[in-house]
Amino acid sequence: MNCEILHTLYLRSNGDVPCNDDAGETVLLGLLRPQMTTWSARSLFANHRYAHIRAALSAGQPPWPKACTRCAFFHPHEPYRDFLAEKRIRKFQVEPSLACRLCCPGCSNHVQVRTRTPPLFMDLGLFERVIRNLSEEGYSVGEVEYCGQGEPLLHPEFPAFVRLVRRYFPEVPQRVITSGNFDFHAATGGERLDEVMVSCDGVFPENYVRQRVGGDVSQAIRFMRDASGVTGAGRRLVVWKYILFEWNDSLAELTAAQRLAEEIGVDRLLFVYTHSVGRSLRYLPAADAAFPVRGPRVTTNATPIHYRLSEQPVTPGV
C-alpha cells in the first residue's frame, strides 16, 4: 500500500502543510507561520502525523479511511515506498496565492477563501525559510510546481519565488499551472520557467466561459502565444491543458484547437478526460483510441482519479 504524500510536499499560501491537494486536504500534517521562530522539514516529516501515515501504510491500512478511499493520490495496490525518509521530495507543490479571478464550477476556491486561515498570498519570507531549510538539511527536490487552489500568477511577487528556487536549487525544474488570463511577460517578470501549463478549456468563447467563468479565452490564447514565443534560457515547455466537457468536445472545436496549437507554437496540446460534472461522454479514457488526434503535438490523459480507480495508466494518444 502506498501514497504519494510520502513522495511530495504541499505548502499552502498560509503556511499549512495539508495531506496533498485532493480529498486529503482535510488532513493537516503541519504548519508554518511567519511568527514561528523555528521550523524544520526534518522535524515535520518525523512528527506524529507522518508517523501515523507510515505505520498505517506499512500495515496495509489507509491512514485516514474516509479521506484516503476518496483520494486520487492513495494507491492501495502499489508497494510501499517512503521517499521522504530518503530525503527525497519528488514534487514540491507551492500555492503562492489562494486568490483567483475566475469562478469555475466544481472548484473549492470560493469555499476555501472563506474558511481557511489567512493570508491569501504567501509571505515571501516564509517561502524562503522553507526552501532554504530544505537545502540546508540536504533534501533533494525533483521539481517545484506552482498551483494549488488559487491562481499563482496573482501573487504580486511571483517572479521572486522563481528566483529563490534558482538560488537554493539551481537545477530543479519549475512549473506553473495557470489560467493564462494575464499578460505573460508582466506576470512572470522574464524569469525562466521550465514548464508553463495553461488551463484553457476550449477555443470558442461561449464554450470556454462555461467552465472558466469570468475568464477570457482570447487572453489565455495570447498568453500561450507569448509564452511560446520566448526562446533561449527564458523558456522550455508550454503545455495547453484542455479539459473535455460535453460542451467543448465537438469535432469542430477539437479540430480548431489543434490547428491553433500549431499556429501559436505550444509544445503540447493535452486533452484531459475528467470525472467532473459535465464531463465529455463522447470521448472516454477507456476508448482513447477513438479520440480524433490530428498531430504530433497532441496527447490525451485523464484526471488522477481515473488512475486511482483503475490502477492502470491511460495510454496517451500519439
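This is a predicted model: local features need pLDDT of at least 70, side-chain atom pairs count only at pLDDT 80 or more; totals for chains, interfaces and linings use all residues.
Helices here are DSSP runs of H or I with at least four residues, numbered from the N terminus. On that basis, Val-113 is found in helix 4, which covers residues 109-115.

Val-113 comes out at 35% relative accessibility, so it counts as partly exposed. Together with Leu-120 and Phe-121, Val-113 makes up a nonpolar patch on the surface, and the three share about 210 Å² of accessible area.

Setting aside neighbours within four places in sequence, Ser-135 is in contact with Tyr-168 and Phe-169. Pro-65 is another matter: it lies 70 residues from Ser-135 along the chain, and the two C-alpha atoms are separated by 34 Å.

Tyr-168, one of the contacts of Ser-135, belongs to helix 6 and is buried there. Helix 6 spans residues 158-168 and is mostly covered, with nine of its 11 residues buried. The buried set includes Phe-158, Phe-161, Val-162, Leu-164 and Val-165, and Arg-166 is also among them. As for what does the covering, the buried residues of helix 6 pack against helix 5, strand 9 (144-146), strand 10 (174-178), helix 7 (184-188) and strand 11 (193-199).

Strand 11 is itself mostly covered, and seven of its seven residues are buried. With strand 10, strand 11 runs parallel and is joined by four bridges; Val-176 has Val-196 of strand 11 as its bridge partner. With strand 12, residues 235-244, the pairing is again in the parallel sense, this time over six bridges. In that pairing, Leu-193 stands opposite Arg-235 of strand 12.

Further on, helix 8 takes in residues 205-211, and Asn-207 lies within it. Asn-207 has 14% relative accessibility and therefore counts as buried, the cut-off being under 20%. Its side chain makes a polar contact with the side chain of Glu-253 at 2.7 Å.

Key:
Residues are numbered from 1 along each chain as its sequence is written. Side-chain values use heavy atoms; hydrogens and water are left out. Patches are made of residues with over 30% relative accessible area and no salt bridge: like charges are joined within 9 Å, nonpolar side chains (Val, Leu, Ile, Met, Phe, Trp, Tyr) within 5 Å. Accessible areas come from the Shrake-Rupley method with a 1.4 Å probe; for residues, only the protein chains shown count as cover. A salt bridge is a side-chain nitrogen of Lys or Arg within 4 Å of a carboxyl oxygen of Asp or Glu. Helices (H or I, at least four residues) and strands (E, at least two) are DSSP runs, numbered from the N terminus. Buried means under 20% relative accessible area, exposed over 50%, partly exposed in between (1.4 Å probe, protein chains only). Contact means heavy atoms within 4.5 Å. A polar contact is a pair of N or O atoms within 3.5 Å; within protein, one must be able to donate a hydrogen and the other to accept it, and residues adjacent in sequence count only if both atoms are side-chain atoms. Two strands pair if DSSP finds at least two bridges between them.
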